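The points below are grouped by topic.

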Amino acid sequence: MKKLFQARQGIDVPDHKGLTNNKKTVKGPGSEELVFPMTMHIGAPAEIIVDEGNHVKIGTLIGNATKTISANIHSSVSGQVIAVEERESFKGKATCIIIKNDFMYEEERLSLLDESISIDEFLERISEAGITGKGGAGFPTHVKLDPPENGHRYILINGAECEPYSTTDHRVMLENSQEILRTVSFMHHLFDVKKTIIAIEDNKSDVIRLYKDSISSHNMKHIEIHEVPSRYPQGEQGLLLKTILDLEVPEEDNASNVGLISSNVSTIKAIHDAVFMGIPLTERVVTVTGPTLKNPQNILTRIGTPVQDLIEFCGGFAHETDKMISGGPMMGQPFSDTTIPIEKDTTTLLFLPYDAEVRKNERPCIRCAKCIDACPVYLQPILISNAYRESRWDLCEVLKTETCVRCGCCTYICPSKIPLLEDISKAVKQLKEIKERDENK
Ligand code: SF4
Ligand code: SF4
């Protein structure tokens, strides 16, 4: 069965990017203590390889990936390991390494590589450097880029960044164009693909201009810039593929198996640093934003920095904050504990005031079908929600619940304020648990 990623138009959502899109990235605070959850990626937790009392530097390996789908974790400061304990993280309770910063910022790096490396050496370096998708998915990049038997045919770099408020990728693209283009061009030749595209939403005209000029002046005609409409959820991988390459990924497959390398622009910058500079993934740009913050900013943040330190770095709150979200308002996860640390896939921290409209109580469905029209993957959200509430797991399966891409369009558009995405996410979780139980019988 194929996923039906039709080139729907998406929905109009106010983008709120004006709070930070013209602000240059600034270097973040030096926290006293940094917290490293061993589960900050999709896959098996990293295995702790340091003990309390050990001295570490920036780039010291502290968590080792022992399974294929896992990722190495490195310290982002120099200092001392002061505890290994369970703490709250964006992904729930996790075993964490706590490091006390000595503010010396001593560093250790991996060896430098050049452009003569093989695909295996390239993937090995990405794995060694602990790179995972920085666009919010957190999937280990060395696994994602591993070529299928018949090789890769396309590279699609995702610079769409359609989630409201987020300007991380926008700033990374503007401020690192040479590094990103060098790496994309290198990957084009390394994987010997027939087409390489960077997709950018048409509300980022400064980035589009810059990249087109650079491509032309550096004779990189093999890289194509593709402008996509700035409508939500244009950055979703399946929609990008359908819109740009008219390609669909079968439900049981991943993009790599159909010959596609797809990667987020910030991940490409991390690959550049790992391969050409020997720097493991220890920091990332986070958009810290929202109408209640005094000074929203794009902050180059050490992985492991507590959220509270970033709030203070932005001058604290100017207004009462009702809701804190990791990610944007459409796909993000609410959180309540500001001691939680920044992870490799934390793109945005969003702070919102009380909104009477959002907090309105759910009303009965008026059968307007707006949720069905809005769904980019042609699901029937209200039917899935009903099936979930009646514990009809067979029906949830028939309704293809697991193909939901969690874009949140259905919840956003629903005039009756029915938490459709919440119901659908719970149904997906339940279906997974049922399948696991059946497999273990
Ligand atoms: S969140 Fe709603 S609109 Fe988005 S894919 Fe899932 S069901 Fe469709
Ligand atoms: S958008 Fe809301 S009210 Fe309209 S059909 Fe869907 S669930 Fe019902």
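This is a predicted model: local features need pLDDT of at least 70, side-chain atom pairs count only at pLDDT 80 or more; totals for chains, interfaces and linings use all residues.

Cys-410 counts as buried because its relative accessibility is 9%, under the 20% cut-off. Cys-371 is likewise buried, at 8% relative accessibility. The disulfide count is zero, whereas the salt bridges number 20.

**Salt bridges of Arg-389**

- Glu-362 pairs with Arg-389 in a salt bridge whose closest N and O atoms are 2.8 Å apart.
- This pair links distant parts of the chain, 27 residues apart: Glu-362 belongs to the loop between strand E17 (348-352) and helix H9 (370-374), and Arg-389 to helix H10 (residues 381-389).
- Asp-423 also forms a salt bridge with Arg-389, with an N to O distance of 2.7 Å.
- Because Asp-423 sits in helix H13 (residues 420-439) and Arg-389 in helix H10, their contact ties together parts that are 34 residues apart in sequence.
- Asp-423 is buried, at 5% relative accessibility.
- Arg-389 is partly exposed at 43% relative accessibility, and Glu-362 is partly exposed at 39%.

- Glu-422 and Lys-426 form a salt bridge, their closest N and O atoms lying 3.5 Å apart.
- The two residues are four apart in helix H13, so about one helical turn separates Glu-422 from Lys-426.
- Both partners count as partly exposed, Glu-422 at 46% relative accessibility and Lys-426 at 38%.

**A salt-bridge network**

- Lys-91, Glu-343 and Asp-345 are joined into one network by salt bridges that share partners.

Conventions: Residues are numbered from 1 along each chain as its sequence is written. Chains are lettered from A and ligands numbered from 1 in the order in which they are written. Side-chain values use heavy atoms; hydrogens and water are left out. A disulfide is a pair of cysteine sulfur atoms within 2.5 Å. Buried means under 20% relative accessible area, exposed over 50%, partly exposed in between (1.4 Å probe, protein chains only). A salt bridge is a side-chain nitrogen of Lys or Arg within 4 Å of a carboxyl oxygen of Asp or Glu.
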